[in-house]
Amino acid sequence: MNDHNAATGSPESGLPILSATILDVGHGNSAVVRDGDLSAVIDAAPGDIVLRELERVQAKRIEHLVISHSDQDHAGGGPKVLLDDARTIGTVWFNADARKNTRIWRRLLHAVHTRVSRGGCDGHQMLHTEIPQTLRCGRARLEVCHPSILMAGTGPTKESEDFGRLDTNTVSIVIRVHLDERPAVLLAADMDAKALDHIRSHGRDLAAPVLVFPHHGGLPGSADPETFANTLTELVAPELVIFSIRSGPRPANPNHGIVMGVRRAAPKAHIACTQLSVHCHDKDHLVSEGHLAVLPADGRRSGRACVGSVMITSTPQGLVLDPPLARHREFVDAGVSTPLCRATLPLPRRRSINLEVQ
């Protein structure tokens, strides 16, 4: 990856901008893949950040809206995207979750039904590794790395003959984004250790220069967090690892064991959180936004942005990042009191957190 600014102008080829943007949505996940005025949205967290990004890039059509699983921090903004008539929508992709009866999941289902009924949306399909279609958005391709059709068809359940207990996180959809047929980003949703074992058993290639770490750097189910992070990072071999988090004590992500596993597997990889972790910085010390890319980012409002939103753009010279990693490194070194991402191994013990603070 090239470490310089990609915020302005088109690639030198004269073609429309081809990019994948990891959005700072607080505690949640959302990404927008773009080829000119075509877009794909992978997860839609609550709030307005996804719609603001779609407006910024003047998206006229969402070719694919992928909801990785039914948790609010991944699906809660789906109804807003679906019911916004500013653009047409191709296929909405998500898998059934019979164990979920939450208000937000019901709202999503009703929003899909409403948008299909009134027009401007092609419909809904399940998504798994055996899907026959190629999910394209112009020159971008979305590769489904998990779950298999057997696991997706089984869905979350207390007990299954093939897999035993399946949690919502276990069956969440994992997407590898290719730009001009080059792997660019692995969007790991909330995959846990059982999901990772399933992926490995099927021999899936996960390599990508950017890894959006699963579950916001939280615990991977009952497995050891350092071992999980080490195994996943070795498979992906990323140059940049992003933790999509909200600054605050609940949940206090990323987990120390997770960061240690990442560091041991990829000691040269750049680690960045979308917002400042309570492990790294005093909650009362706000920061400026001068280091951020010119992109919608939730952390701007609270003065708690770390790397903020990150745009990965495909150019003839390779993938380009905005904000540049050098600028983020300078911000962390100068303005963050105890940066977890810069600590030498073994990592220090976690700082004390007052759980009464909201």
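# Reading cavities, strands and loops

Guide: The lining of the largest cavity divides into 13 nonpolar residues, two polar and no charged. One caution before we go on: this is a predicted model.

Visitor: How does one look for empty space at all?

Guide: A probe the size of a water molecule is rolled over the atoms, and this shows where empty space is left. In this structure the count comes to four cavities of 30 Å³ or more.

Visitor: How much space lies in the largest cavity, and which residues lie nearest its centre?

Guide: The largest cavity holds about 110 Å³ of space. Its lining has 15 residues. Nearest the centre are Cys-273, Cys-280, Cys-306, Leu-340 and Cys-341.

Visitor: Which strand gives the most to that lining?

Guide: Strand β13, residues 270-273, gives the most to the lining, with three residues.

Visitor: What volume has the second largest cavity, and which residues line it?

Guide: Its volume is about 100 Å³. Among the residues that line it are Ile-22, Asn-29, Asp-43, Ser-68, Ile-173, Leu-187 and Val-212. Sort the whole lining by type: eight nonpolar, three polar and one charged.

Visitor: On to helices. Which residues of α10 are buried, and which are exposed?

Guide: Take the accessible area of each residue, then ask where it sits around the axis. In α10, residues 325-335, Leu-325, His-328, Phe-331 and Val-332 are buried. They cover an arc of only 120° around the axis, so they lie on the same side of α10. Glu-330, Asp-333 and Ala-334 are exposed on the other side.

Visitor: What covers the buried residues of α10?

Guide: The cover includes three strands: β12 (240-243), β13 and β15 (318-322).

Visitor: Now strands. How many residues of β1 are buried?

Guide: Look at both faces of a strand, then at its partners. In β1, residues 18-22, five of the five residues are buried, so the strand is largely enclosed by the rest of the structure. Leu-18, Ala-20 and Ile-22 point one way. Ser-19 and Thr-21 point the other way. Ile-22 also lines the second largest cavity.

Visitor: Which strands pair with β1, and in what sense?

Guide: β2 runs antiparallel to β1, joined by five bridges. Ser-19 stands opposite Arg-34 there. Strand β14, residues 310-315, also pairs with β1 in the antiparallel sense, over four bridges. In β14, Ile-312 is the bridge partner of Ala-20.

Visitor: Where is Asp-35 placed? Is it buried or exposed?

Guide: Asp-35 is in strand β2, residues 31-35. Its relative accessible area is 10%, and the cut-off for buried is under 20%, so Asp-35 is buried.

Visitor: What does Asp-35 touch?

Guide: Leave out residues up to four places away in sequence. Then Asp-35 touches Pro-16, Ile-17, Leu-18, Cys-137, Gly-138 and Arg-139.

Visitor: Which peptide bonds are cis?

Guide: Read omega. The bond from Arg-250 to Pro-251 is cis, with omega near -15°. Pro-251 is in the loop between β12 and α8 (256-265). Another cis bond joins Asp-322 and Pro-323, where omega is about 5°. Pro-323 lies in the loop between β15 and α10.

Visitor: Last, the backbone angle phi. What is phi of Asp-180, and what is phi of His-215?

Guide: Asp-180 has a positive phi, near 55°. It lies in the loop between β9 (174-179) and β10 (182-187). Asp-180 is partly exposed, at 38% relative accessible area. For His-215, phi is positive and near 55°. His-215 is in the loop between β11 and α7 (225-236). It is partly exposed, with a relative accessible area of 26%.

Methods:
Residues numbered from 1 in each chain as written. Predicted model: local features only at pLDDT ≥ 70, side-chain atom pairs only at ≥ 80, totals over all residues. Heavy atoms only, no water. 1 Å grid on protein atoms, 1.4 Å probe; cavity = no way out; pocket = protein on both sides within 12 Å on 5 of 7 lines; lining within 4 Å. Points joined across faces, edges and corners; volume = space filled by probe spheres on them. Helix = DSSP H or I, 4+ residues; strand = E, 2+ residues; numbered from the N terminus. Nonpolar A, V, L, I, M, F, W, Y, C, P; charged D, E, K, R; others polar. Buried < 20%, exposed > 50% of the residue type's maximum accessible area, 1.4 Å probe, protein only. Arc of directions from axis to C-beta. Contact = heavy atoms within 4.5 Å. Pairing = 2+ DSSP bridges.
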